[in-house]
Amino acid sequence: MMHPQKTVYWLQGGGCGGDTFSFLGSEFPDVIELFRRLNLQLLWHPSLSNSSPADHELLLSNILTGEQPLDILLVEGSVICGPAGTGMFDTKNGQPKKELIYNLAAQAGLVLAVGTCACFGGFGSDQVTEATGLQFARKERGGLLGVNYRSKNGQPVVNLAGCPCHHDVIVGALISAATEVAWELDEYQRPIEWFSTTVHQGCTRNEYHEYRVEESDFGEMGCLFFHMGCAGPLVPGPCNKLLWNQQSSKPRAGVPCFGCTDPDFPRATPFFQTPNIEGIPISLPMGVNRAHYMVYKGMAAAAAPEHLKKRTSKV
């Protein structure tokens, strides 16, 4: 059954364009097939649209006056508010782009923040660029649109976190938006469909973590949490379940999870070091009691199977 047509506008703020690259990597379905099956009319995407600047300006004018309905607004990249709150570090036709984002959000039926920068500010927050997210500034509610913002359909901004956001999450969110499936969100307005479990779940190094078979260098097979800075047990996200290019993830490829779905990403400490006190990680897996965890891990390390300690298990 063909769904009623909905219009889509994709806007890029202060960012690298990585979420667009991720989105274009979707294969099942690919982007063209996705829009066709969902009966989505793409009004504008900076990498896919070829209308003239004059036609684009007319389109924007019609959206902002309400003459052109806007059902789904996707914003990629942070909202740049610097210097000194003017937004003049990121402009369009001489006007701060933050004003355009604000005005488009006022016309949109639903707003999707694509990527951690759009969700929480990401790179550039707390810096001279004064980057913020659409409805959060790091973990603080507010952002550009304010705590009480609701789209025309009565919903807050839906945060599709990740650096970049996984293409299957973007595609899934568009499917939900097109078919009007109700959202269930966590405290940071991320859909629990993809953000209710940690990156750790599904990691092929889980058995090494359970027996505390640790690594302190690259190229080995053991757990990267205790020394190498892996944030997999600390943050929610679909990596290791929705594999990149249908093949792999950072931990599977030997690179620690950077925790890029967290509102405080990027963290101030080095990516490849685990902050610790006397070898004990400062941050422990979500919901874990420190005393119980350390007793358990000490016993588990003593009981580790030989095939794990010798790294002969090809998990």
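Modeller: Arg212 is found in the loop between α8 (206-210) and β12 (276-277). The model is a predicted one.

Colleague: Why is Arg212 called buried?

Modeller: The relative accessible area of Arg212 is 17%. Buried means under 20%, so Arg212 is buried.

Colleague: What is Arg212 in contact with, leaving aside its neighbours within four places in sequence?

Modeller: Phe226, Gly279, Met294, Lys297 and Ala301. Contact here means heavy atoms within 4.5 Å.

Colleague: What makes strand β7 mostly covered?

Modeller: Strand β7 spans residues 108-114, and seven of its seven residues are buried. For strand β1 (residues 6-12), six of its seven residues are buried, and β1 is mostly covered as well.

Colleague: How do you know that β3 and β7 pair?

Modeller: At least two bridges are needed for a pair. Strand β3 (residues 70-76) and β7 have six bridges, therefore they pair, and the sense is parallel. Leu74 has Leu112 of β7 as its bridge partner.

Colleague: How many bridges join β7 to strand β11?

Modeller: Three, with β7 and β11 (residues 158-160) running parallel. The cut-off is two bridges, so β7 and β11 count as a pair. In β11, Asn159 stands opposite Ala113.

Colleague: Which strands does β1 pair with?

Modeller: β1 pairs with strand β2 (residues 40-44) over four bridges, in the parallel sense. With β3, β1 has five bridges, again parallel. Val8 stands opposite Leu42 in β2, and Tyr9 stands opposite Leu73 in β3.

Colleague: Which residues have the most contacts inside the largest nonpolar core?

Modeller: Tyr9, Phe23, Leu73, Leu104, Leu112 and Leu134, in a core of 56 residues. Helix α6 (residues 167-179) gives the most to this core, with seven residues. Apart from this core lies another, of nine residues, among them Tyr208, Phe225, Tyr293 and Leu308.

Colleague: What is Phe23 in contact with, beyond its neighbours within four places in sequence?

Modeller: The contacts of Phe23 are Trp10, Val31, Leu34, Phe35, His167, Ile170, Val171 and Leu174.

Colleague: What makes a space a cavity or a pocket?

Modeller: In a cavity a 1.4 Å probe fits but cannot get out, whereas a pocket is open. The largest pocket has a volume of about 350 Å³. Ala231, Leu234, Val235, Arg267 and Ser283 are the closest to its centre, out of 19 residues that line it.

Colleague: Which residues line the second largest cavity?

Modeller: Val199, Cys239, Lys250, Pro251, Cys257, Gly259, Cys260 and Thr261. The volume of the second largest cavity is about 70 Å³.

How values were computed. Residues are numbered from 1 along each chain as its sequence is written. This is a predicted model: local features need pLDDT of at least 70, side-chain atom pairs count only at pLDDT 80 or more; totals for chains, interfaces and linings use all residues. Side-chain values use heavy atoms; hydrogens and water are left out. A nonpolar core is a set of buried Ala, Val, Leu, Ile, Met, Phe, Trp, Tyr and Cys residues joined through side-chain atoms within 4.5 Å. Buried means under 20% relative accessible area, exposed over 50%, partly exposed in between (1.4 Å probe, protein chains only). On a 1 Å grid over the protein atoms alone, a cavity is a set of points where a 1.4 Å probe fits but cannot get out, and a pocket is an open set with protein on both sides within 12 Å along at least five of seven lines; lining residues have an atom within 4 Å of a point. Grid points are joined across faces, edges and corners, and a volume is the space filled by probe spheres set on the points.
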